[in-house]
Amino acid sequence: MNTCSKCGNQQIIIQKKHSGQNLCQECFIESINEKVLKDTRKYKLLEKGDKVLMALSGGKDSVVALHILNSLREKNIIDIVAVTIDEGIKGYREEGIEIAKANTRTLGIKHRVVSFKEYFGRTLDEMRGQDDTRQDDTRQDDTRRQGDTEPRHACTYCGVFRRWILNRVAQEEGATKIATGHNLDDETQSILMNYLEGNINNLIRIGPKSESRDERFTVKIKPLREIPEKEIGLYAIAADLNVHLAGCPYAGESFRREIGEFIKELSRDHPTIMYSTLRGFDKIKPILKKELTPKGNTGECRRCGEPSAGELCKACSFLEGWE
Amino acid sequence: MQVKVIFGEENLTEDVPEDYTIKELLKKLEIPSETVVVKKNEAIVIEEELIQEGDTLEIIKVIFGG
């Protein structure tokens, strides 16, 4: 009979194929808490006195990250303020917002809900609508783009505008770190996607902690970076957390999803593949970064004042394109 | 033997043979096991868990892709 590798309990809830470890509910929750806090120390993600802006969608990853980081807040090591971004995805985001509110209320954490509409004058649905009216009907591949008039994927807009808002809200709140719920699946997908697309600038930015030379960018941290997505889902259920379990309606269109399915398929017969992808990447990254980091200083976007390599930051170049 | 299966909004009654596992049930229902957590009679179980007559199985989708 399978018993918990730590305490001998016969009711196990996970058999970790990559390590051979079996864990009961209590020991599994404890092991994830320990792993996340150990990684937080190992990668120096947090320092005493940090004010952390938690990017809280209400989904399992950010809610789990919030609850684990809250243990540091309870010990007065850090302070946390949470922000939920309402991108304006009708029929999807509303429930996540309510769940995010409920979690922060339970924990007594300050929470803000900010929206694309409020900061950019339009929702993600409207951005997509604007693009649709600009396309010709023969478009087949939504990921193709040749110049500014070609349509982009919803995830491209969402990523750019979310990053912009997170950085702006971090400044407004005086936050010293921005924490996100990125997990092991997300990271290995990003490594593979950027490599396959030849996007070396983005590839060398992947890591547990952002390392921008520009102080105007608040440092971003990923405390769950080495936890597989499935284990985060299991943690959320095992710890009986209130999480939003639903898929973004735009996700089905993305290249990330294709890559994610490919990695999942590989993982069935090779359960360590995500760990080895991450470990291998982390080893070569310092060399890539040293050799390939673009030279030159970051300037300022002439429209919004945020740091930008060009005259306009990415968010403002989209906005100007629609005007 | 018969078991009750709850999957999202769906409430199903499934006929399964003796010594059937959660893994086999997920395969029968065409649900990828790496995307769900399963509770048997309200307790989380692993996919090798055997199903018994009258069990209530709740399949909770935790991974949505994207």
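Predicted model: local features only at pLDDT ≥ 70, side-chain atom pairs only at ≥ 80, totals over all residues.
Although B:Glu42 is not a glycine, its phi is positive, at about 75°. The residue has 7 other C-beta atoms within 10 Å and is therefore classed as exposed, the limit for that class being 12 or fewer.

A positive phi was also computed in chain A, where A:Lys44, again not a glycine, has a value of about 50°. A:Lys44 belongs to the loop between helix H1 (25-42) and strand E3 (51-55) of chain A. With 10 other C-beta atoms within 10 Å, A:Lys44 is likewise exposed.

Chain A as a whole contains 12 helices and 9 strands. Its radius of gyration is 20 Å, close to the 20 Å that the globule rule gives for 323 residues, so chain A is as compact as a globular protein of that length. Along the principal axes, its C-alpha atoms occupy a box of roughly 65 × 45 × 45 Å. Of the 323 residues in chain A, 37% are buried. Among contacts in chain A with a separation of 6 or more, 69% are made by residues 24 or more positions apart.

Helix H12 of chain A spans residues 314-322, and its buried residues are A:Ala315, A:Cys316 and A:Phe318. These residues cover an arc of only 155° around the axis, which places them on the same side of H12(A). An α-helix has 3.6 residues a turn, so residues three or four places apart point the same way. The cover over the buried residues of H12(A) includes helix H6 (154-173) of chain A.

A:Leu278 is part of another helix of chain A, H11, which comprises residues 273-292. When neighbours within four places in sequence are set aside, the contacts of A:Leu278 are with A:Leu184, A:Glu187 and A:Thr188. The separation between A:Leu278 and A:Asp240 is 38 residues in sequence and 29 Å in space, taken from C-alpha to C-alpha.

Methods
Residues numbered from 1 in each chain as written. Chains lettered and ligands numbered in written order. Helix = DSSP H or I, 4+ residues; strand = E, 2+ residues; numbered from the N terminus. Contact = placed C-beta atoms within 7 Å. Buried ≥ 20, exposed ≤ 12 C-beta atoms within 10 Å, placed from the backbone. Arc of directions from axis to C-beta. Rg over C-alpha atoms; globule rule 2.2 N^0.38 Å.
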